[in-house]
Structure formats: structure tokens, C-alpha cells
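Hi everyone, thanks for making time for this. I'd like to walk you through one model, starting with its surface and ending inside it.

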Amino acid sequence: MKSTAVLALGTFAVGTDAFIVAGFLPAMASSLHVSTAAAGQSVTVFALSYAVLAPVVATVTARLPRRRLLVAALTVLFLANLGSALAPNLPILILTRVLAAAGAAGYTPNAGAAAAALVRQEQRGRALAVVVGGLTVATALGVPLGSLFGRLFDWRPVLAGVAMLCLLVAAGVHLVMPELPGNPRTPLRQRLAVLRRPGVFVVLPLTVIGMASCYTAYAYSVPALHASGMPLSAASTILFLYGVGAVLGNLTAGYATDRWGWAVVLGTAYVAMAATLAGLGRLAATHAAVPALVGLLALVWGASSWAQTPPQQHRLIAAAPGESPLVISLNSSGIYLGIALGTTLGGVTFHRGFPTMYAIGAAGAVLALLILLASARRTGR
């Protein structure tokens with residue numbers, strides 16, 4: 001459907017904004033005269049702000065028609081990225097990243113909910129996968145292109161380009177998406193009462209742990225993959241392979257969830273993630289130089305990371321079908337809270353070596369698998 005494709009283009013713009021920093025983090029740190037670990041906290045601040053703001057924005061904007069809300073959110077992202085491109089120092093950059101997180105919190109969960117509302121129930125997993133696919137395509141194209149353009153043109157013009165992309169997509173959403181009404185205004189406390197539902201409560205911690213596991217090293221992916229044997233000249237290629245894996249994992253997970261259920265898809269993803277991160281850690285510890293293997297592991301890393309989202313969203317909508325915009329926004333909060341936790345752990349372990357960083361990510365994936373098995377056993381899956 002044309003509207004779903006345009007919504008996915010919007011999540012691509014949001015994803016590019018959220019993840020592109022990983023492609024030129026060392027150059028940004030040098031330009032702002034801070035350490036790489038300090039510059040990496042701009043990713044943490046964006047993710048943490050998103051996690052906190054998503055349910056708040058969902059409450060404040062509940063009555064707004066969905067098309068108007070999505071266009072407004074993309075406009076905020078345009079202004080925030082323009083501010084980031086002009087930031088003279090790290091504190092100003094951090095402030096603009098908080099503003100960008102507010103725009104992203106208004107767009108991503110509502111785009112997913114709109115996509116689910118525009119299709120039949122049996123197509124919901126695929127529609128969600130298409131919209132989330134915009135985020136994964138951003139990792140496939142946005143991040144490696146950010147790395148490449150960051151070397152060619154500096155990081156500031158790259159962020160200005162992201163700002164223009166958000167503005168263009170806002171125009172596209174306005175022209176193509178059919179109007180959907182808003183929802184009744186509900187107090188935040190009453191909205192969060194959905195967390196007391198067992199079917200919702202057991203899902204969200206798994207989202208946090210799973211995303212923290214894959215993002216412990218991802219925010220520092222250029223130096224981390226270099227430590228595992230990737231030549232710095234091949235950074236864009238390896239990040240592209242990660243993104244290709246992310247796209248394939250996300251789309252495959254959408255179809256597989258519709259056919260085989262969430263337990264099989266998530267279990268496969270966590271096993272693959274743990275094995276991949278352990279393998280990259282082993283390469284970093286032994287100082288092996290096997291670029292082809294690094295590329296293959298990066299591909300599987302991306303696939304296992306983004307195979308989590310469609311089945312998790314599917315579980316939440318099934319648990320609270322009358323409140324799909326809210327539960328998707330809470331899942332988005334869980335995703336970005338996990339990213340914030342992962343990047344924080346990555347920053348803390350940055351100076352302890354990349355084998356340690358990878359090991360923490362692999363341990364998190366194992367923990368997620370154990371929680372999943374307990375959850376699946378309770379529901380008879």
C-alpha cells in the first residue's frame with residue numbers, strides 16, 4: 001500500500017537521524033574537541049530522551065489527527081537536525097538531540113499504529129515489518145553513507161542533509177497518507193495502567209534487554225569492528241552489510257511471525273545474536289585479521305538485532321488491541337531505553353577493551369533468551 005510505503009520512508013528519515021552518528025562518531029568527537037566516548041553519549045541522550053518522551057507525547061497529542069501529527073513530528077526533526085548541524089559544542093549538540101528525540105517520539109510509534117490500522121489483521125505483521133523496515137534500511141544505507149559522506153564532506157553537512165530529508169518526507173506524508181482520526185484524551189497515569197496487563201508487562205523488559213545487547217557495541221561500531229579485524233577503509237562496506245542483515249532480518253521476522261509465531265522468531269534471533277557477538281569478541285581478543293568473517297558476522301548481527309521488533313510489536317497489539325498506538329509507543333520507549341542502556345555500557349567499557357564490550361552484549365542476548373523461554377513456557381508456546 002502506498003501509504004505504508006510513505007510511512008516507511010518517514011521511519012527511514014527518523015532512523016537515519018537516530019543512527020547516522022555512529023558512522024562519523026570519531027570525526028564528530030575530533031571536531032567538538034571531546035573524546036569518542038563523550039561524543040557517543042549524544043546517542044545515549046537521544047535514546048533516553050525518546051524513551052521518556054514517547055508516552056508523554058502520545059498522551060499530549062492523542063486527539064490530533066494522525067496525518068497532522070506525523071507531519072508536525074517530521075517538522076520538529078527538521079529543525080532539530082538543522083540545529084545539530086550548526087552546534088558549536090557538545091552541550092548544544094545534546095540539546096538539539098533531545099529536541100530530535102521529541103520529534104522521533106511523535107512519529108515512529110504513530111506511524112506503526114497507522115500502518116496496523118490501514119491493513120487487515122492477518123497482514124498486520126507484514127505491515128509493521130514494512131514500517132519498521134524504514135529504520136532498518138536507515139542502518140543499511142543511512143549509517144554507511146553517513147560514514148562515507150562524513151569523510152568526504154564533514155559531519156555537519158550530513159546532518160543538514162538529514163534535516164532536508166525530514167522536511168521532504170513531511171510533505172510526502174501530507175500528500176499521500178489518508179486522514180485517520182485521533183484518539184480520546186486519556187491521562188498519562190490511566191494510559192500507563194496498560195502496563196499492569198500481564199501480556200504487556202512481560203514483553204517490554206525483553207525489548208529493553210534485547211536492544212541493549214545489540215547496541216552495547218553498535219554505537220561504537222567503527223572502532224569496535226576495526227578491533228575485530230575490519231580495515232578502517234572498509235568501514236562503510238561492513239556497516240552496509242550490517243544494514244542489509246537488518247533489513248533481511250526485519251522483513252523475514254514479519255513474515256515468520258505471521259506463520260510460526262513470535263517465540264520461534266525471537267528465540268532464533270537471540271541465539272544468533274549471542275553467537276555473533278561472541279565471535280566478534282573472540283576476533284578482537286585474538287587480534288585476528290579475517291575481514292570476510294567480520295563482514296559475515298556483521299550481516300548476522302544486523303539480522304538478529306532487527307528481527308526482534310515485529311514479533312514484539314505483534315505480541316503487544318494482540319495483548320491490548322484497543323490501545324495499539326499506546327503499546328507501540330511503549331515498545332518504542334523500550335527500544336530506545338535499551339539503546340540508551342547499551343550505549344552507556346559501551347561507553348563505560350570503551351577503555352576496557354572491545355572483547356569486554358562484545359562479551360557484555362553476548363551475555364545480554366543469553367539473558368534475553370532465558371527470559372523468552374520462561375515467557376513462552378507460561379503461554380504454552
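Let me begin with a definition: buried means under 20% relative accessible area, exposed means over 50%, and partly exposed is in between, with a 1.4 Å probe and protein chains only. Please keep in mind that this is a predicted model, where local features need pLDDT of at least 70, side-chain atom pairs count only at pLDDT 80 or more, and totals for chains, interfaces and linings use all residues. Residues are numbered from 1 along each chain as its sequence is written, and side-chain values use heavy atoms, with hydrogens and water left out.

So, the surface. Phe149 sits in helix α6, helices being DSSP runs of H or I with at least four residues, numbered from the N terminus. Phe149 has a relative accessible area of 33%, so it counts as partly exposed. Together with Leu141, Leu145, Leu148, Leu152, Phe153 and Phe240, Phe149 makes a nonpolar surface patch of about 620 Å². For such patches, residues need over 30% relative accessible area and no salt bridge, and nonpolar side chains (Val, Leu, Ile, Met, Phe, Trp, Tyr) are joined within 5 Å. Areas come from Shrake-Rupley with a 1.4 Å probe. Helix α6, residues 124-153, gives the largest share of this patch, six residues.

Next, the salt bridge, meaning a side-chain nitrogen of Lys or Arg within 4 Å of a carboxyl oxygen of Asp or Glu. How many are there by this rule? The count comes to one. The partners are Asp17 and Arg97, with their closest N and O atoms 2.9 Å apart. This pair links distant parts of the chain, 80 residues apart: Asp17 is in helix α1 (residues 2-19) and Arg97 in helix α5 (residues 90-117). Asp17 is buried, at 0% relative accessibility, and Arg97 is buried too, at 3%.

Key. Patches are made of residues with over 30% relative accessible area and no salt bridge: like charges are joined within 9 Å, nonpolar side chains (Val, Leu, Ile, Met, Phe, Trp, Tyr) within 5 Å. Helices (H or I, at least four residues) and strands (E, at least two) are DSSP runs, numbered from the N terminus.
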